[in-house]
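Let us walk through this structure slowly, beginning with a single contact between side chains and widening the view from there. Please keep the sequence and the model side by side as you read.

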Amino acid sequence: MSTERELAEHGIEIKHIQTDVDTLMGDMEELKKRLDAIESTLNEIKGGWKVFILIASAGSFLVSWLFNHWMK
């Protein structure tokens, strides 16, 4: 009797563990989708920072040139 009861308890525990694993697998799939979205966004921005640096450099050059000519 004790062995049958233990088997039944283990069976219930296994079902709970399987449910938890299924939930974790769903969460992992959702995380993978989010990571893919983040990666695609970063790929779109990849060249953007270079353009920003170019514009900022050109702006600072213009301001310094105007300031130097204004101070003469």
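Predicted model: local features only at pLDDT ≥ 70, side-chain atom pairs only at ≥ 80, totals over all residues.

The side chains of Glu30 and Arg34 meet in a salt bridge, with 2.8 Å from N to O; the term is used here for a side-chain nitrogen of Lys or Arg within 4 Å of a carboxyl oxygen of Asp or Glu. Side chains of opposite charge can pair when their charged atoms come close. Both Glu30 and Arg34 belong to helix H1, where they stand four residues apart, about one turn of the helix.

Residues are numbered from 1 along each chain as its sequence is written, and side-chain values use heavy atoms, with hydrogens and water left out.

How many salt bridges does a search of the whole structure find? The search finds three, and one of them is the pair Glu30 and Arg34 already described. Another joins Arg5 to Glu9, whose closest N and O atoms are 3.3 Å apart. These two residues also lie in helix H1, which covers residues 2-45, and they are four residues apart, about one turn of the helix. Arg5 is exposed, with a relative accessible area of 60%, whereas Glu9 is partly exposed, with a relative accessible area of 37%. A further salt bridge is formed by the side chains of Glu29 and Lys32, at 3.7 Å from N to O. Glu29 and Lys32 are separated by about one helical turn because they are three residues apart in helix H1. Glu29 counts as partly exposed at 40% relative accessibility, and Lys32 is partly exposed as well, with a relative accessible area of 46%.

We can now turn to the other helix. The protein chain has two helices and zero strands, and helix H2 covers residues 48-71. The structure holds one aromatic pair. That pair is made by Phe67 and Trp70, and it is tilted, with 6.4 Å centre to centre and 55 degrees between the planes. Rings of Phe, Tyr and Trp (its six-membered ring) pair if their centres lie within 6.5 Å, and planes under 30 degrees apart count as stacked, over 60 as edge-to-face and the rest as tilted. Phe67 and Trp70 both lie in helix H2, three residues apart, about one turn of the helix. Is each of these residues exposed or partly exposed? Phe67 is partly exposed, with a relative accessible area of 46%, while Trp70 is exposed, with a relative accessible area of 66%.

Between the two helices there is a loop, and Lys46 lies in that loop between H1 and H2. Lys46 is exposed, with a relative accessible area of 52%, and its C-alpha atom is separated by 32 Å from that of Leu66, 20 residues apart along the chain. Ser57, which lies in helix H2, is 49 residues from Ala8 in sequence and 72 Å from Ala8 in space, C-alpha to C-alpha.

Finally, consider the protein chain as a whole. Its C-alpha trace spans about 105 × 20 × 10 Å along its principal axes. A compact globule of 72 residues would have a radius of gyration near 11 Å, but the protein chain has 31 Å; this radius is taken over C-alpha atoms, and the globule rule is 2.2 Å times the number of residues to the power 0.38. Buried residues make up 0% of the 72 residues in the protein chain.

Key:
Buried < 20%, exposed > 50% of the residue type's maximum accessible area, 1.4 Å probe, protein only.
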